[in-house]
Structures are given as C-alpha cells and as structure tokens.
Amino acid sequence: TNFPQLMGYSLEENLKPRVQWLKELGMDDSQVAKTFTSFPQLMSYSLQGNLKPKMKSLREHGFTDKHLVEVLSKFPQLLSYSSTRLEHRIGVLESSGLLRNQSLSSFMALTDATFA
C-alpha cells in the first residue's frame with residue numbers, strides 16, 4: 001500500500017464513518033471503492049474538522065452533491081487541499097468565468113503556479 005498507516009486504522013472508527021459519509025453524499029459502492037483506492041489518506045482526515053467543512057464551503061459556492069460526487073470520484077485529492085488553497089483556487093476560477101464551463105476536477109488538479 002502507498003499509505004502504510006492504513007493498516008493501523010480501526011474499521012469502526014475510521015473506515016465505516018467515511019464510507020457512510022461518502023454514500024450520504026451520493027456515491028455508489030464502486031465510487032467509494034475507487035475513492036479509497038486512489039486516495040487512502042482520506043481515512044486519516046477528520047469528518048467534523050476537515051471533510052464536512054470543506055464540503056460545506058464547496059456547497060456555498062453553488063456545487064451540488066451530485067457535482068461533488070463526480071469531482072471526488074475523479075479527484076479525491078481535492079479533499080487534501082487546505083481550506084485556504086481551495087478557496088483561492090475557486091476564487092480564481094469564479095472571477096475568470098471558467099468554473100462553470102469546465103470540470104472542477106480538471107482545474108483543481110493543476111499546479112499552484114497556475115493559480116498564482
């Protein structure tokens with residue numbers, strides 16, 4: 001595994017709550033599996049202190065759960081971005097008018113230099 005810490009995580013305390021949260025967003029089993037396979041670090045993120053606040057922020061920018069499921073299925077690393085980094089990128093995309101015309105996941109995968 002590219003995330004050996006995963007072996008020390010509790011099924012009850014780490015995996016189940018995050019799987020449940022992703023399913024509540026609207027992910028199906030295959031999307032959940034793909035998300036954890038491509039980004040196992042998600043297990044280490046706090047639901048209350050990290051994941052839920054980021055999703056709330058994205059919703060406040062007009063993203064629906066359906067759109068966020070699509071984005072996270074393709075680029076779950078988005079959840080590793082600090083709130084500041086995420087807000088900056090969304091602000092740049094919104095002010096340029098690009099956000100609604102393209103896939104959020106493709107823009108978020110760009111380097112920081114693109115958003116400087």
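Me: How many salt bridges does the structure hold?
Reply: This is a predicted model, where local features need pLDDT of at least 70, side-chain atom pairs count only at pLDDT 80 or more, and totals for chains, interfaces and linings use all residues. Residues are numbered from 1 along each chain as its sequence is written, and side-chain values use heavy atoms, with hydrogens and water left out. A salt bridge here is a side-chain nitrogen of Lys or Arg within 4 Å of a carboxyl oxygen of Asp or Glu. By that rule, the count is four.

Me: How far apart are the closest N and O atoms of Asp29 and Lys23?
Reply: Asp29 counts as exposed because its relative accessibility is 53%, the cut-offs being under 20% relative accessible area for buried, over 50% for exposed and partly exposed in between (1.4 Å probe, protein chains only). Lys23, at 36%, counts as partly exposed. The two form a salt bridge, with their closest N and O atoms at 2.5 Å.

Me: Which side chain does the side chain of Asn50 make a polar contact with?
Reply: Asn50 is found in helix H3, which covers residues 47–60. Leaving aside neighbours within four places in sequence, Asn50 is in contact (heavy atoms within 4.5 Å) with Tyr45 and Leu79. A polar contact is a pair of N or O atoms within 3.5 Å; within protein, one must be able to donate a hydrogen and the other to accept it, and residues adjacent in sequence count only if both atoms are side-chain atoms. At 2.9 Å, the side chain in question is that of Lys54.

Note on methods:
Helices (H or I, at least four residues) and strands (E, at least two) are DSSP runs, numbered from the N terminus.
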